[in-house]
Each structure stands twice: as structure tokens, then as C-alpha cells.
Amino acid sequence: MKKRILFLLSVMCICGLTGCEKASVSEVKVDYGTSSIYSEEEMNEAIELIEDEFVTWDGFELKSISYSSDDECNSRNISWLNELAEAKNLSDEFTQCIMFESDFHTSKSAPGNWNADTDYDDYQWWLARTDNGEWELLSWGYC
């Protein structure tokens, strides 16, 4: 019985090591644009959350990420992100938002609705925070 369990654990470890290729974010080109609202450090805090999500996309490669513009930090978008936060049972009332666009390439075995081995451009990432609080990634995709 011990041999069977040991064999199954070995097979699971080997499959775990070879079966999944993590997304790549190692050589991402970042364009901070021009902002009178956010510093590069604040943008990097938001970008880190985006990269944390992106690495869960097996085999995808993040090529670039760009700050959209200060124009996106407006009352309409903040209201929309607060509605999303409420739907996700988040209690914070957000007062700031930021949007990035990214370009990436999908894996050859892309799951679900993704086209395999394809470039995607201008994919949006929306984050919000309270005044000088921590960013919360609330939405991503094409809007």
C-alpha cells in the first residue's frame, strides 16, 4: 500500500512540474505615460497586482503594459468600480481609479474563449483605491 501511495505521489509531482507552464511577465515593457495624479511608484503598486493575476494564466506572455491617461480617473468610472466592488462584497468606498492597457500573447493551448497562439492588444485592467489606500484589481478585459 505504501508503494502505491508513493508511486501516485511521484506521478503527481512529475505531472505538476511538467504539466503547467506559468504565464511570463519577466520582460514586460512598461509605459508610464504622463500623469499629474499618480507617481511611478503608485503605478508600480497597481502593475504588481495586474502581474499577480496575469501569472495565473498558464503559458501566456505579457508583452507590454501602458498607463491609459488621467482622463480615466473620473467620477463615472469611480462610480462603476464602486458598483463592481459592492457586487464583490467589498466594503471600501473607492475614491480613485486607474486603468492600464496591455498587450499579450496566448499559449498554443489557450483555454476557454481565448484564441490559441494569438496576440491580444489594448486589453484593459481597472483598479481602484480609497484616498492613498491600496489598489484593488476589480475588472479586466475589453470594455
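How far is the sulfur of Cys-73 from the closest cysteine sulfur, and in which residue does that sulfur lie?

1. Cysteines. The sulfur of Cys-73 is 4.3 Å from that of Cys-97, the closest cysteine sulfur, which is too far for a bond. A disulfide is counted when two cysteine sulfur atoms lie within 2.5 Å, and a search of the whole structure finds zero. Cys-97 is buried at 1% relative accessibility (buried is under 20% relative accessible area, with a 1.4 Å probe and protein chains only).

2. Basis. This is a predicted model, in which local features need pLDDT of at least 70 and side-chain atom pairs count only at pLDDT 80 or more, while totals for chains, interfaces and linings use all residues. Residues are numbered from 1 along each chain as its sequence is written, and side-chain values use heavy atoms, without hydrogens or water.

3. Arg-129. This residue is in strand 4 (residues 119-129) (strands are DSSP runs of E, at least two residues; helices are runs of H or I, at least four). Arg-129 is buried, with a relative accessible area of 2%. Leaving aside neighbours within four places in sequence, its contacts (heavy atoms within 4.5 Å) include Tyr-38, Glu-42, Gln-96 and Trp-135.

4. Helix 2. This helix (residues 40-54) has 15 residues and reaches 20 Å from first to last C-alpha, close to the 21 Å expected at 1.5 Å a residue (1.5 Å times one less than the number of residues). Glu-42, Met-43, Ala-46, Ile-47, Ile-50 and Phe-54 are buried in helix 2. They cover an arc of only 135 degrees around the axis, so they lie on the same side of helix 2 (the arc uses directions from the helix axis to the C-beta atoms).

Methods. Buried < 20%, exposed > 50% of the residue type's maximum accessible area, 1.4 Å probe, protein only.
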